[in-house]
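Here are some notes for a colleague who is opening this entry for the first time. Please read them with the structure at hand.

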Amino acid sequence: MAVACHHLAQCITCHAWNADQSMIALCPNNNEVHIFNASSAANSVWDRVHILQKHDQLVSGIDWGPVSNRIVTASHDRNSYVWSLEGNEWAPALVILRLNRAAICVKWSPKENKFAVGSGAKSVCICYYEQDNNWWVSKIIRKKHTSTITSVSWHPNNVLIATTSTDCKCRVFSTHIKGVDGRVDAATSFAEMKFGEQVVQLDFTFGWTFGVKWSPSGDSLAFVGHDSTICFVDNVVSTASAQTLSLHDLPLCDVLFLSEKVLVAGGFDCKPMLFVADDKGIWGLLRCLEDVKPSAQDMKSSSQFSEAFGKFYGHAKYGTSIDAVGQSMDVGHAHDNSITCIMPLPARGSDVVYSFSTSGLDGRVIIWELKSITAALSRLAI
C-alpha cells in the first residue's frame with residue numbers, strides 16, 4: 001500500500017535514491033536536478049538541499065551509484081555528467097558521448113565501473129573512466145537499432161545490457177571492454193563476444209517498447225509495449241521463451257522486479273499493477289495496489305495541465321463529457337497523472353524488495369510498502 005505521498009514539483013521526469021535512502025535526486029521537468037533530504041516515514045518533511053545546474057535542456061535520466069555515491073545524469077542537450085560530492089558541493093565531470101541527438105536514459109552498471117546512455121541517435125553509449133586522461137569516455141553500440149532507445153538495463157554479470165526502442169523491439173548486447181571489466185567478467189562466455197555484438201533480439205510487441213528490467217538473478221527480463229502489452233522472457237541468453245500479456249488498460253511505462261516471481265509496473269493508468277508468476281512460471285496480473293487519498297492541499301496544488309489531461313483521459317477512455325471530468329483520476333488515487341519511473345527501496349541483506357517509489361507527471365513521489373509479499377498476495381483477489 002502507499003505509505004507516503006510527497007508533492008515536490010508540478011511534474012517529475014525521473015528520480016533516483018542514494019544508498020541508504022536518506023536522499024533523493026529528481027528532475028522537475030526542466031534542466032535542473034533537485035536533491036532532497038528524504039525519509040520513507042509517512043509524516044516526514046523533505047527539504048531541498050542541492051540544485052545541480054549544468055545541463056542546458058531537459059534532464060531525461062538520473063541514476064545514483066550506491067557504492068561510489070556518484071550521480072550520473074543525461075539530458076536532451078546531448079550531454080551526460082558524472083557528479084561527485086566534494087565537501088558540501090556536487091562537482092560535475094563531463095562525459096564525452098559524441099551524440100548528435102538527445103540522450104534519453106542512463107544507468108550505472110552493477111559494479112559502477114561503466115554506465116550506459118540510450119539516445120535518440122539510434123545508439124547506446126557505454127561509458128567508462130579513463131584513468132590516464134582523467135576523463136569519462138564512451139564506446140558506442142551503433143548496430144541494429146533503427147530508432148530512439150527508450151530504456152536500458154544491466155544484467156547482474158556487468159557484461160550484458162538490454163535495451164528497448166521505438167522500433168518496437170527489445171535487444172540484448174555484450175558490452176565487455178578489455179581493460180575495464182575484470183577477470184571475473186572475462187570468465188563469462190559473453191566476454192568472448194565482441195563489444196556491441198547482439199546476443200538476442202526480442203520482437204513480441206506491435207508498439208514502442210519501454211521500461212526493460214532484468215530479474216534479480218538475471219535469468220528473466222520484462223519490458224512493456226505501447227500497445228498495452230507486457231512481456232516476460234525466460235532463459236534470455238539461451239533459448240528465450242516469452243509470455244506476452246495484453247492489458248485492457250492504458251499502456252505501461254516502467255516495471256520493477258520485486259523478486260523472481262513478483263513484478264510491479266506503472267504507466268498511463270496512474271496506478272501500480274502487481275504481476276506474479278505461479279509455480280509453473282506463468283505470469284498473470286493480480287490487481288492494482290491500494291491507493292492513498294491525497295490531502296486537500298495536495299489536490300489543490302495539481303497543475304492546470306494535470307486537469308486538462310484528466311478531461312481528455314475521461315473522454316477518451318470512458319466516453320464521458322469533457323466538461324464532466326474534473327481531476328485526471330478519481331479523488332482517492334495516489335497519482336493523478338502518468339507514472340513514469342519506478343525505483344526500488346531495498347532493505348539491507350534482503351534479496352526481495354518490499355518497498356519501492358513511483359514518480360510521475362503529477363509531480364508526486366509516492367512510497368509503496370509490502371511488509372510481507374506473501375501476506376499481501378494472500379489478500380489479493382484475481
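1. In this predicted model, the side chains of Arg364 and Asp362 form a salt bridge, with a nitrogen-to-oxygen distance of 3.5 Å. Arg364 and Asp362 are both buried.

2. Arg364 also meets the side chain of Asp336 in a salt bridge, here at 3.6 Å from N to O. Because Arg364 belongs to strand β28 (residues 364–369), while Asp336 sits in the loop between α3 (304–318) and β26 (339–344), this pair ties together parts of the chain that are 28 residues apart in sequence. Asp336 is buried, as is Arg364, and a network of salt bridges links Asp336, Asp362 and Arg364.

3. A further salt bridge joins Lys114 to Asp181, whose closest N and O atoms are 3.0 Å apart. This pair links distant parts of the chain, since Lys114 lies in strand β11 (residues 114–119) and Asp181 in the loop between β16 (170–174) and α1 (183–186), 67 residues apart. Lys114 has a relative accessibility of 0% and therefore counts as buried; Asp181, at 8%, also falls under the 20% cut-off and so counts as buried.

4. For the protein as a whole, the count comes to five salt bridges, and the secondary structure consists of four helices and 28 strands. Of its 382 residues, 54% count as buried, and the accessible surface comes to about 17000 Å², of which 50% belongs to carbon and sulfur atoms.

5. Concerning contacts, among those in the protein with a separation of 6 or more, 50% are accounted for by residues 24 or more positions apart.

Key:
Residues numbered from 1 in each chain as written. Predicted model: local features only at pLDDT ≥ 70, side-chain atom pairs only at ≥ 80, totals over all residues. Heavy atoms only, no water. Helix = DSSP H or I, 4+ residues; strand = E, 2+ residues; numbered from the N terminus. Buried < 20%, exposed > 50% of the residue type's maximum accessible area, 1.4 Å probe, protein only. Contact = heavy atoms within 4.5 Å. Areas by Shrake-Rupley, 256 points an atom, 1.4 Å probe, with all protein chains shown as cover. Salt bridge = Lys/Arg side-chain N within 4 Å of Asp/Glu carboxyl O.
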